[in-house]
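Good morning, and thank you for making time for this item.

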Amino acid sequence: MKTIVLGFVLAFNSLTAHAAKYSLEPGDAVLTNCHEIYTRGVVKAKVDDGYTVHFPKNAGPIQCPPFRWHAEFVLPFQSVSEYSLKFLGGLKRDILFQVGEPVTFRVDTDRRVVKTKASIDIDAQITDISSNGAIAVKLISTDPEAAATFWQWIGGNYVDLRHKYLELERDKRSR
């Protein structure tokens with residue numbers, strides 16, 4: 001019984017420590033995490049369990065309700081020119097991503113948008129990288145189906161470099 005109680009105490013302490021990891025203030029630039037797709041915004045106010053975040057008109061598409069965000073889904077935003085994705089504590093070679101480089105996303109298609117393919121490759125160029133390892137991109141692909149899928153799922157958002165959409169790109173760069 002003591003072990004179970006101790007387990008609950010430790011779990012609660014780790015949750016409260018995680019939520020208090022960042023002390024964000026109104027006006028701070030942030031990324032909100034929605035399924036490893038991040039939308040850049042600005043903290044408008046602190047609320048009990050997180051923040052109210054304002055997003056610019058060109059943000060999105062936002063696949064999660066864009067009003068109140070729990071603290072665990074809000075990260076401070078800082079732009080960097082490159083990011084090194086580390087694997088297995090240094091046992092596997094790091095993969096470097098830099099602003100201006102091309103990347104390829106492989107996205108499962110929505111049958112309402114693309115009827116002929118189960119997945120589609122989207123070529124883009126990195127326009128910004130956040131310090132937490134998420135990239136913003138601009139569309140390079142000229143294929144209309146790739147463009148439609150891009151604007152449906154990625155658009156003006158940041159995508160975590162560990163996201164399944166970038167698995168093909170990580171494999172390509174790790175060779």
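This is a predicted model: local features need pLDDT of at least 70, side-chain atom pairs count only at pLDDT 80 or more; totals for chains, interfaces and linings use all residues.

The average pLDDT of the protein is 85, and 86% of the residues reach a score of at least 70. One stretch calls for caution: over residues 3–20 the pLDDT stays under 50, and the model has two contacts beyond four places in sequence for that stretch.

Which residues touch the most other members of the largest nonpolar core? That core has 22 residues, and the ones in question are Phe97, Val103, Phe105, Ile135 and Val137. Several elements build this core: strands E7 (82–87), E8 (92–98), E9, E10 and E11, together with helix H2, each supply at least two of its residues. The largest share, five residues, is that of E10.

Beyond its neighbours within four places in sequence, Phe97 is in contact with a number of residues, including Tyr83, Leu85, Val103, Ile126, Ile129 and Leu161.

I come now to helix H2, residues 144–153, whose buried residues are Ala146, Ala147, Thr149 and Phe150. Why do they lie on the same side of H2? They cover an arc of only 165° around the axis, and therefore share one side of the helix. Pro144 and Trp151, on the other side, are exposed. And what do the buried residues of H2 pack against? Their partners are three strands: E9 (102–108), E10 (119–130) and E11 (134–139). Just after the helix, glycine 155 adopts a positive phi of about 55°.

My last point concerns threonine 104, a residue of strand E9. Is threonine 104 buried or exposed? Its relative accessible area is 9%, so threonine 104 counts as buried, the cut-off being under 20%. The side chain of threonine 104 is joined to that of aspartate 123 by a polar contact of 3.0 Å. Leaving aside neighbours within four places in sequence, the contacts of threonine 104 include Asp121, Ile122 and Asp123, and also Tyr165, Leu166, Leu168, Glu169 and Lys172.

Thank you for your attention.

Conventions
Residues are numbered from 1 along each chain as its sequence is written. Side-chain values use heavy atoms; hydrogens and water are left out. Buried means under 20% relative accessible area, exposed over 50%, partly exposed in between (1.4 Å probe, protein chains only). Helices (H or I, at least four residues) and strands (E, at least two) are DSSP runs, numbered from the N terminus. The arc is that of the directions from the helix axis to the C-beta atoms. Contact means heavy atoms within 4.5 Å. A nonpolar core is a set of buried Ala, Val, Leu, Ile, Met, Phe, Trp, Tyr and Cys residues joined through side-chain atoms within 4.5 Å. pLDDT is the predictor's confidence in each residue, from 0 to 100. A polar contact is a pair of N or O atoms within 3.5 Å; within protein, one must be able to donate a hydrogen and the other to accept it, and residues adjacent in sequence count only if both atoms are side-chain atoms.
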